[in-house]
Amino acid sequence: MLGASGTGLVQGLRAGTQVWLWGSRGRSLTLPHAARGLHAGDWRPSAGRGPLERRPSLPAAAIVNSAPRPLQPYLRLMRLDKPIGTWLLYLPCTWSIGLAAEPGCFPDWYMLSLFGTGAVLMRGAGCTINDMWDQDYDKKVTRTASRPIAAGDISTFQSFVFLGGQLTLALGVLLCLNYYSIALGAASLLLVITYPLMKRITYWPQLALGLTFNWGALLGWSAVKGSCDPSVCLPLYFSGIMWTLIYDTIYAHQDKRDDALIGLKSTALLFREDTKQWLSGFTVAMLGALSLVGVNIGQTVPYYTALAAVGAHLAHQIYTLDIHRPEDCWDKFTSNRTIGLIIFLGIVLGNLWKEKETDKTKKNIDNRVEN
């Protein structure tokens with residue numbers, strides 16, 4: 001029954017998951033307002049950055065704007081008009097699901113859709129919680145005063161009911177998985193709850209984000225296989241964490257002045273002018289872990305070709321990065337979606353290549369037997 005209801009849920013929400021909307025980062029950003037007050041922001045450039053604030057994703061924004069007017073505040077509350085965060089959370093799930101596919105087969109499309117749906121729902125729930133907590137701060141800052149709760153478009157009670165609906169649907173998605181994955185998914189809630197506090201107590205909130213955002217690298221494999229294979233899942237999870245440290249450190253450089261002013265911490269403030277050296281180290285660690293994944297699972301030429309392309313992309317990204325130009329940091333940050341897609345494509349093609357290798361091996365064996 002759970003499987004049947006899960007299929008219906010996925011079919012009902014598949015149109016929305018096509019764009020994999022997960023708009024904001026969920027990272028609390030406090031900004032001064034008349035030398036007082038705090039504001040917890042979303043995953044986008046901070047106030048005063050002009051053109052950066054006016055760069056919504058057109059397909060996602062069009063979906064929100066074309067929705068019935070009474071629904072639009074709720075869609076904005078979920079940040080459905082800003083999808084970059086969805087990609088960065090969803091892609092590690094696709095890597096894991098792709099790696100778990102049988103040799104010569106495509107990834108499980110049902111699982112890809114299911115995880116896409118779960119990503120939308122959980123991100124929406126996180127944004128709702130964030131705005132409920134910070135509505136008083138949001139009212140004091142021009143950039144966030146128009147948020148649905150702060151602007152009075154949605155009451156606190158309405159947002160609470162809406163949050164309950166999102167969490168209920170997300171639970172329905174989780175219950176479509178096997179028992180091992182249900183328990184594994186539930187375990188991630190601790191990370192989701194504690195991450196927003198990290199920027200107040202450590203210079204490594206990006207590490208906490210990495211631990212949270214890449215949980216799908218474990219969950220995707222277990223959803224297909226029934227349990228985790230440490231030789232594959234752990235290095236894949238580690239590589240995702242290194243990737244998050246790269247792109248979120250770049251993002252944090254946009255906000256470093258505001259963060260320093262109001263006492264928040266980040267790797268951008270920790271690394272400062274040594275940022276490129278640290279990013280280079282994270283890149284080496286990421287590619288090394290992904291290479292280990294390939295060796296342990298018997299990946300083929302397309303996979304390693306994709307890793308080479310990712311290495312070149314990251315090298316160019318880091319070399320040309322200007323940490324003092326918020327516009328450049330934003331562009332580099334968003335380009336990481338391409339990196340995730342390249343890895344996924346490499347996994348899929350590498351897995352399909354295995355069938356050719358297997359057929360060739362069998363043919364060689366048969367020839368030897370005949371001789």
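## Cores, rings and charges in a predicted model

Skip the neighbours within four places in sequence, and L99 is still in contact with W221, V232, L236, V293, I297, Q299 and I347. Keep in mind that this is a predicted model. L99 is also among the residues with the most contacts inside the largest nonpolar core, which has 70 residues. Here's a quick tour of that core, the aromatic pairs, the charged side chains and the annotated spans.

**Nonpolar cores**

- Besides L99, the residues with the most contacts inside the 70-residue core include W95, F115, W243, M286, F333 and I343.
- Helix α12 supplies the largest share of this core, with twelve residues.
- Another core lies apart from that one; it has 13 residues, among them L80, V120, A125 and L163.

**Aromatic pairs**

- Searching the whole structure turns up 15 aromatic pairs.
- One of them is W95 with W243: the ring centres are 5.2 Å apart and the planes sit at 40 degrees, so this pair counts as tilted.
- That pair ties together distant parts of the chain, since W95 belongs to helix α4 (residues 84–99) and W243 to helix α12 (residues 230–252), 148 residues apart.
- Both W95 and W243 are buried.
- W204 and F271 make an edge-to-face pair, at 5.5 Å centre to centre with 75 degrees between the planes.
- This one also links distant parts of the chain: W204 is in the loop between α9 (189–201) and α10 (205–213), F271 is in helix α14 (residues 267–271), and 67 residues separate them.

**Charges over rings**

- K199 places its charged end over the ring of Y195, 5.9 Å from the ring centre.
- K265 lies over the face of Y203, and here the distance to the ring centre is 5.7 Å.

**Salt bridges**

- The count comes to four salt bridges, including the ones below.
- R76 pairs with D153, with the closest N and O atoms 3.7 Å apart.
- R76 sits in helix α3 (residues 72–77) and D153 in the loop between α6 (135–138) and α7 (156–174), so this bridge links distant parts of the chain, 77 residues apart.
- Both ends are partly exposed: R76 has a relative accessible area of 28%, and D153 has 43%.
- D81 bridges to K82, the closest N and O atoms being 3.2 Å apart, and both residues are buried.
- D328 and K332 meet at 2.6 Å, N to O.
- Those two share helix α17 (residues 326–334) and are four residues apart, about one turn of the helix.
- D328 is buried at 9% relative accessibility, and K332 is buried too, at 12%.

**Annotated spans**

- An unreviewed UniProt entry carries the annotation "transmembrane region" for residues 177–195, 278–297 and 335–353.
- In the model, residues 278–297 are 100% helix and 0% strand, with the end C-alpha atoms 29 Å apart.
- Residues 335–353 are 95% helix and 0% strand, and their end C-alpha atoms lie 27 Å apart.

Methods:
Residues are numbered from 1 along each chain as its sequence is written. This is a predicted model: local features need pLDDT of at least 70, side-chain atom pairs count only at pLDDT 80 or more; totals for chains, interfaces and linings use all residues. Side-chain values use heavy atoms; hydrogens and water are left out. Rings of Phe, Tyr and Trp (its six-membered ring) pair if their centres lie within 6.5 Å; planes under 30 degrees apart count as stacked, over 60 as edge-to-face and the rest as tilted. Buried means under 20% relative accessible area, exposed over 50%, partly exposed in between (1.4 Å probe, protein chains only). A charge sits over a ring if NZ of Lys or CZ of Arg is within 6 Å of the ring centre and within 35 degrees of the ring normal. A nonpolar core is a set of buried Ala, Val, Leu, Ile, Met, Phe, Trp, Tyr and Cys residues joined through side-chain atoms within 4.5 Å. Contact means heavy atoms within 4.5 Å. UniProt positions are given in the numbering used here, feature names are shortened, and annotations may be inferred rather than shown by experiment. A salt bridge is a side-chain nitrogen of Lys or Arg within 4 Å of a carboxyl oxygen of Asp or Glu.
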